[in-house]
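Subject: Handover of a structure and its findings

Dear colleague,

Please find below the structure that I am handing over to you. I would ask you to keep it open while you read the notes that follow.

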Amino acid sequence: LGSSEANAREIRECTVPHGKALLVQIYGGGCSYGEGLKTDQELKDCVDIGLDTVEFTAKVDGVEVMSSKNRGNLPEPYQCELTYMPDNLYNVPAGPSKAMVGGYFLYAEPLSEGDHKIEFKETFSKSNLGRQSSSKVATEMATDRISNVIYDITVQ
């Protein structure tokens with residue numbers, strides 16, 4: 001992972017109604033049978049990839065509110081159904097598929113009216129995989145990732 005990739009910021013602008021809480025995924029994901037996984041254990045292994053080794057920080061208005069240094073308790077992944085649209089990003093068949101979702105999420109209480117910033121950075125290297133996956137398919141799906149995201153939020 002090159003340093004230029006690590007410094008590339010993705011800026012997302014959004015307006016939210018006053019009084020609404022926010023939920024932002026910091027690291028994690030969803031895995032489904034549509035991606036070639038065949039058992040519930042493979043789904044769980046896929047979702048678990050990197051959760052114990054990813055490095056991340058998250059800030060709200062410049063104040064760090066969570067990081068990988070103090071991970072806390074990670075909720076168990078939950079089962080759900082994902083519905084894929086035709087010609088989707090994941091190249092899986094269109095339609096519903098049994099899935100599992102999990103990861104680290106930032107929950108922000110409703111923010112005051114005005115401008116706010118939620119920032120997070122996360123780095124995951126497949127070479128640092130912590131949990132040993134019993135699913136070869138799930139482990140092969142892991143990819144190195146760097147995210148540097150800023151949400152410019154206007155609360156009205």
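Does Cys-46 count as buried or exposed? At 9% relative accessibility, Cys-46 counts as buried. Buried here means under 20% relative accessible area, exposed means over 50%, and partly exposed lies in between, with a 1.4 Å probe and protein chains only.

Two remarks on the source come before the rest. This is a predicted model, in which local features need pLDDT of at least 70 and side-chain atom pairs count only at pLDDT 80 or more, while totals for chains, interfaces and linings use all residues. Residues are numbered from 1 along each chain as its sequence is written, and side-chain values use heavy atoms, with hydrogens and water left out.

The chain as a whole

The protein chain has 3 helices and 8 strands. Helices (H or I, at least four residues) and strands (E, at least two) are DSSP runs, numbered from the N terminus. Along the sequence, they follow the pattern α-β-β-α-β-β-β-β-β-α-β. The protein chain has 156 residues, of which 36% count as buried. Among its contacts with a separation of 6 or more, 74% are between residues 24 or more positions apart; a contact means heavy atoms within 4.5 Å. The chain exposes about 9300 Å², and carbon and sulfur atoms supply 49% of that area. Such areas come from the Shrake-Rupley method with a 1.4 Å probe, and for residues only the protein chains shown count as cover.

The structure holds 1 disulfide, a term for a pair of cysteine sulfur atoms within 2.5 Å. It joins Cys-31 to Cys-46, with an S to S distance of 2.0 Å. The pair links distant parts of the chain: Cys-31 belongs to strand β2 (residues 22–32) and Cys-46 to helix α2 (residues 40–48), 15 residues apart. The torsion about the S-S bond is about -70°, so the disulfide is left-handed. Cys-31 is buried, at a relative accessible area of 5%. By contrast, Cys-14 is partly exposed at 27%, and Cys-80 is partly exposed at 25%.

The buried residues of α2 are Glu-42, Leu-43, Asp-45, Cys-46, Val-47 and Asp-48. After α2 comes Gly-50, whose phi is positive, near 85°.

Aromatic pairs

How many aromatic pairs are there? The count comes to 2. Rings of Phe, Tyr and Trp (its six-membered ring) pair if their centres lie within 6.5 Å; planes under 30 degrees apart count as stacked, over 60 as edge-to-face and the rest as tilted. The ring centres of Phe-56 and Tyr-104 are 4.8 Å apart and the planes stand at 40°, so this pair is tilted. Phe-56 lies in strand β3 (residues 55–60) and Tyr-104 in strand β6 (residues 95–108), 48 residues apart. Both Phe-56 and Tyr-104 are buried. For Tyr-84 and Tyr-90, the centres are 6.3 Å apart and the planes at 75°, so that pair is edge-to-face. Tyr-84 is buried at 8% relative accessibility, whereas Tyr-90 is exposed at 54%.

Strand β6 also contains Phe-105, which counts as partly exposed at 33% relative accessibility.

Yours sincerely,

A colleague
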